[in-house]
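Biologist: Could you take me through this model step by step, with the criteria spelled out?

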Amino acid sequence: MTVFVFVDMEGISGISGSDFVKTDGRLYATGRRYYTEDLNACIRGCFRGGATAVIARDGHGGGNHVLWEDLDGRATLVQGPTGTVRLAGIEECQALILLGYHAMAGTRGALLEHTYSSASIQNMWLNGRPVGEVGIDAAIAGDYGVPTVLVTGDNYVCREAREWIPGVMTCEVKQGLGCQAARLLPRETARRMIEDTTAEAVRRHAGIEPLRVARPVTIRREMIERGAVPSRAESAAFHIVDGRTYETTAETVERAFFG
Ligand SMILES: [Zn+2]
């Protein structure tokens, strides 16, 4: 079986603020190392749990932060922007892991909470329910019939994952103490937990249902800035709600997401 691992940076163990996750941040070089090391722990867990192949998606920002020379040589790696395909290669996979994720925009107390862009998106909804990256990405995998088996990150994203995805396993590597603060587990403990919960989640994958949502699918975005709402001329699929808010409706989550 093949496992897709989507790795984001904010929920990686050892990362406690934006200096680690911005390419011009003071601690970015350290952040990249932690990111690659959590990914390696997850890849080890995948193979221990019965995977025969792993597709790792370098998913933070521009998608080019993994230190390739340090990556477990058994995984293939997807880097860079992939246009209107969120999970390139997911159709080959039987399970999705969301590694190093963060809570949705506005989650009080959560480390580095945001939804896709802290600069532009205030809030998102999927079929009327407030949603973050965990819910959207799990539902896109659901378009392909693939279950999300594990989410790792702080206590807030783990709670959000359990609310959205019945049966998902979670691995809490830190406690959020605000947007730029966290209490971190010891390094060895965090990495061992990631490897062990990954192995267990991969073993259980056939018993976890893909996240399915009602169709057609409507995604609403409330933007931070006035003028960020696209004009209806850009796509007939856009429904403009007000000066900061618009919706897109489509047959799949992925198409509603990309408009
Ligand atoms: Zn990120």
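The questions and answers below go from the whole chain to single elements and residues.

Modeller: This is a predicted model, in which local features need pLDDT of at least 70 and side-chain atom pairs count only at pLDDT 80 or more, while totals for chains, interfaces and linings use all residues. Residues are numbered from 1 along each chain as its sequence is written.

Biologist: What is the radius of gyration of the protein?

Modeller: The protein has 5 helices and 12 strands, where helices (H or I, at least four residues) and strands (E, at least two) are DSSP runs numbered from the N terminus. The globule rule, 2.2 Å times the number of residues to the power 0.38, is set against a radius of gyration taken over C-alpha atoms. For 259 residues the rule gives 18 Å, and the computed value is close to that, so the protein is as compact as a globular protein of that length, with a radius of gyration of 17 Å.

Biologist: What percentage of the 259 residues count as buried?

Modeller: A residue is buried if 20 or more other C-beta atoms lie within 10 Å of its own, exposed if 12 or fewer, and partly exposed in between, with C-beta atoms placed from the backbone. By that criterion the buried share of the 259 residues is 48%.

Biologist: Why is strand 4 described as largely enclosed, and with which strands does it pair?

Modeller: Strand 4 (residues 95-101) has 7 of its 7 residues buried, so it is largely enclosed by the rest of the structure. Two strands pair if DSSP finds at least two bridges between them. Phe4 stands opposite Leu96 in strand 4, and Tyr101 stands opposite Gly153 in strand 7. The parallel partners of strand 4 are strand 1 (residues 2-7), over 5 bridges, and strand 7 (residues 148-154), over 4 bridges.

Biologist: Which are the edge strands of the open sheet with antiparallel pairing?

Modeller: That open sheet is formed by 5 strands in the order 6-5-10-12-11. Within the sheet, strand 10 and strand 12 (residues 245-250) pair in the antiparallel sense over 6 bridges, and Arg220 stands opposite Glu247 in strand 12. Pairing on one side only marks the edge strands, which are strand 6 (129-130) and strand 11 (238-242).

Biologist: Are helix 2 and helix 3 roughly parallel or oblique to each other?

Modeller: Helix 2 (residues 133-143) has 11 of its 11 residues buried, so it is largely enclosed, and its buried residues pack against elements including helix 3 (155-164). Val134, Gly135 and Ala138 in helix 2 meet Val157, Glu160, Ala161 and Trp164 in helix 3, a contact requiring C-beta atoms, placed from the backbone, within 7 Å. The two helices pack at an angle of about 40 degrees with their axes 9 Å apart, the axes being lines fitted to C-alpha atoms over the stretch in contact and the angles running from 0 to 180 degrees between N-to-C directions. Angles under 35 degrees count as roughly parallel, over 145 as roughly antiparallel, 65 to 115 as roughly perpendicular and the rest as oblique, and helix 2 and helix 3 are therefore oblique.

Biologist: Which residues does Glu209 touch, not counting residues up to four places away in sequence?

Modeller: Glu209 lies in the loop between helix 4 (187-203) and strand 10 (217-223), and with 13 other C-beta atoms within 10 Å it is partly exposed. Ile165 is 44 residues from Glu209 in sequence and 8.5 Å away in space, C-alpha to C-alpha. Under the stated exclusion, Glu209 touches Pro147, Pro166 and Gly167.

Technical notes:
Contact = placed C-beta atoms within 7 Å.
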